[in-house]
Amino acid sequence: MKRLIFATNNKHKVEEVRAALDGKVEIVSLAEAGLSGEIPETSDTLQGNALQKAQWVWERTHTDCFADDTGLEVEALGGAPGVYSARYAGEHCSFDDNIDKLLRALDGEENRRACFRTVICLMEGGDDQPQPTTHYFEGRVDGQILTERHTNGEGFGYDPVFMPDRFAVSFAEMPLEVKNRISHRGQAVKQLAEYLKN
Ligand code: IMP
């Protein structure tokens with residue numbers, strides 16, 4: 001069976017990818033692959049960060065691997081926080097700090113359009129290839145930023161204030177299966193799974 005290292009230790013992400021692949025590809029987390037240490041994420045694009053993380057794994061293992069990077073892009077903020085979504089309110093900030101900063105930045109703003117984008121970078125090598133080849137997969141979901149938190153305790157990150165188009169609830173109010181089906185990451189993972197299954 002094909003084996004791929006996923007450059008993450010986030011159990012939810014690993015489960016989501018395993019489910020999309022129906023057991024047809026073995027997905028191994030960083031810890032399961034025996035890798036530890038901080039992976040640099042210093043690019044100013046999602047694609048650059050995904051590439052950087054996949055390259056970090058490839059250089060250490062020479063094993064097929066992939067990495068993802070996600071950002072929330074808010075139209076009225078010129079695409080911010082974008083690639084800096086995780087640390088929008090500061091280097092060691094919480095999800096709540098980020099949401100507070102976002103709601104303040106959009107206070108009184110009528111245009112609340114936003115999207116989440118995920119880029120996945122897959123690196124595959126071969127015995128006859130000195131360098132791996134890279135493929136990118138991108139998922140996107142459009143919606144709007146609510147004026148306050150709406151949550152049932154589901155989700156993480158900006159979920160309580162993001163309402164996807166064609167839904168009347170936030171990401172944090174919908175069952176995880178529904179979110180995964182329509183989400184940025186869900187779309188990118190689906191494309192990765194289709195590529196790997198063929
Ligand atoms: P990452 O690249 O998956 O680590 O995502 C970067 C940041 O984007 C996270 O720290 C969250 O703040 C935010 N984020 C990513 N995916 C989601 C999501 O599905 N819902 C809400 N926030 C998210």
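1. Helices (H or I, at least four residues) and strands (E, at least two) are taken as DSSP runs, numbered from the N terminus. On that basis, S183 lies in the loop between α4 (176-182) and α5. The model is a predicted one, in which local features need pLDDT of at least 70, side-chain atom pairs count only at pLDDT 80 or more, and totals for chains, interfaces and linings use all residues. Residues are numbered from 1 along each chain as its sequence is written, and side-chain values use heavy atoms, with hydrogens and water left out.

2. S183 counts as buried because its relative accessibility is 1% (buried is under 20% relative accessible area, exposed over 50%, partly exposed in between; 1.4 Å probe, protein chains only). Leaving aside residues up to four places away in sequence, S183 touches V141 and F171 (contact means heavy atoms within 4.5 Å).

3. Helix α1 (residues 11-20) packs against helix α5 (residues 184-197) at an angle of about 45°, and their axes are 9 Å apart. The contact joins K13, E16, V17 and A20 of α1 to R185, G186, V189, A193 and K197 of α5.

4. G79 is found in the loop between β3 (65-74) and β4 (81-82). With a relative accessibility of 25%, G79 counts as partly exposed. Not counting residues up to four places away in sequence, G79 touches L72, E73 and V74. G79 and C115, 36 residues apart in sequence, are 8.9 Å apart in space, C-alpha to C-alpha.

Methods:
Axes fitted to C-alpha atoms, helices over the stretch in contact; angles between N-to-C directions.
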